[in-house]
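This report goes through one protein model.

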Amino acid sequence: MKGGIRVSRTPLPAPPLNEAYRLLLDRFGFQHWWPAETPFEVCVGAILVQNTSWTQVERVLAMARKGGWLTPGGLWSMDEASLREWLRPTGTYRVKAERLRAFLQVLWSEHAGSLDALLSGSRSEVRNRLLAIRGIGPETADCLVLYAAHQPSFVIDAYTRRVFRRHGWSGADAAYEQLQELCETALDGSDRVRFWQDFHAQMVAVGKEYCRSSEARCEDCPLKNLLPKKEAGGSNTVNPPHQAARSSSLLRLS
Ligand code: SF4
């Protein structure tokens with residue numbers, strides 16, 4: 001109630017995320033994510049992939065794996081110059097080196113190099129611990145919680161944002177936590193870790209294959225039937241402004 005006038009808002013339908021997942025799973029199959037051999041590799045990969053293609057990250061990970069130093073002790077013993085040289089193919093390698101050093105510093109100074117210790121506790125304890133490390137934001141922290149700690153924490157990335165915006169499921173200005181809550185509520189159920197791990201992987205698959213930033217290849221995309229319909233009963237359409245605005249309003253209120 002404001003100024004004596006009651007403002008009523010009609011609840012908007014939740015995004016059809018379970019249906020989206022079924023369609024994506026039919027097309028791409030189970031993704032078996034995260035592509036890594038150990039939880040520590042998950043952590044390193046998630047830190048390095050920020051603003052970099054996975055192909056470049058894979059190259060440096062493969063090099064370290066082959067050299068036998070893709071371990072907490074192996075990377076921690078590297079000097080600054082060697083770390084930067086190793087990370088050079090990942091683009092912003094100075095920043096990457098700093099972030100990786102910050103992670104390793106906490107791992108060794110506060111947890112004696114034990115990843116199990118760093119990732120122990122409740123989801124919020126682990127998430128907050130990770131967010132306190134310089135250079136680790138919500139997306140990276142959630143990747144580590146979900147894929148390395150195996151606790152349910154939904155990952156929101158640029159692919160997810162793009163798909164949601166184009167389908168009118170959220171506005172372009174939706175906050176990370178709002179989108180995360182929306183997804184976690186819509187995709188609740190048993191075996192959430194495995195489900196959310198694969199949902200995120202499916203978003204990456206559809207984002208790379210069809211829902212690109214430069215071009216939405218809707219005709220061939222498994223999610224085309226979930227696009228909003230045009231008002232006059234025409235074919236489905238990408239990102240109608242009125243839908244995006246309504247969903248944005250929903251997210252801001254939630
Ligand atoms: S149907 Fe179009 S907008 Fe939707 S995910 Fe596919 S490419 Fe993107």
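## Model and numbering

This is a predicted model, in which local features need pLDDT of at least 70, side-chain atom pairs count only at pLDDT 80 or more, and totals for chains, interfaces and linings use all residues. Residues are numbered from 1 along each chain as its sequence is written.

## Overall make-up

The protein has 13 helices and zero strands; helices (H or I, at least four residues) and strands (E, at least two) are DSSP runs, numbered from the N terminus. Of the 254 residues, 32% are buried, meaning that 20 or more other C-beta atoms, placed from the backbone, lie within 10 Å of the residue's own.

Contacts require C-beta atoms, placed from the backbone, within 7 Å. Among contacts between residues at least 6 apart in sequence, 65% join residues at least 24 apart.

## Helix α9

Helix α9 spans residues 138-148, and nine of its 11 residues are buried, so α9 is largely enclosed by the rest of the structure. The buried residues are Thr140, Ala141, Asp142, Cys143, Leu144, Val145, Leu146, Tyr147 and Ala148. They pack against α2 (39-48), α8 (123-131) and α12 (192-209). After α9 comes His150, with a positive phi near 55°.

## Packing of α2 on α9

The axes of α2 and α9 are 9 Å apart and the packing angle is about 160°. That makes the two helices roughly antiparallel (over 145 degrees). Axes here are lines fitted to C-alpha atoms, for helices over the stretch in contact, with angles from 0 to 180 degrees between N-to-C directions.

On the α2 side, the contact is made by Pro39, Val42, Cys43, Ala46 and Ile47; α9 contributes Thr140, Cys143, Leu144, Tyr147 and Ala148. By class, these residues are nine nonpolar, one polar and no charged. Ala, Val, Leu, Ile, Met, Phe, Trp, Tyr, Cys and Pro count as nonpolar, Asp, Glu, Lys and Arg as charged, and the others, Gly among them, as polar.

## Packing of α10 on α12

Helix α10 (residues 158-166) crosses α12 at roughly 70°, their axes coming within 8 Å. The two are therefore roughly perpendicular (65 to 115 degrees). Tyr159, Thr160, Arg162 and Val163 of α10 meet Met203, Val204, Val206 and Gly207 of α12. This contact has five nonpolar, two polar and one charged residues.

## Ligand shell

Around the ligand there are 14 residues, of which Arg166, Cys211, Ala216, Cys218 and Cys221 come nearest; a residue is near if its C-beta atom, placed from the backbone, lies within 6 Å. The shell has 10 nonpolar, one polar and three charged residues.

Technical notes. A residue is buried if 20 or more other C-beta atoms lie within 10 Å of its own, exposed if 12 or fewer, and partly exposed in between; C-beta atoms are placed from the backbone. Two residues are in contact if their C-beta atoms, placed from the backbone, lie within 7 Å. Angles under 35 degrees count as roughly parallel, over 145 as roughly antiparallel, 65 to 115 as roughly perpendicular and the rest as oblique.
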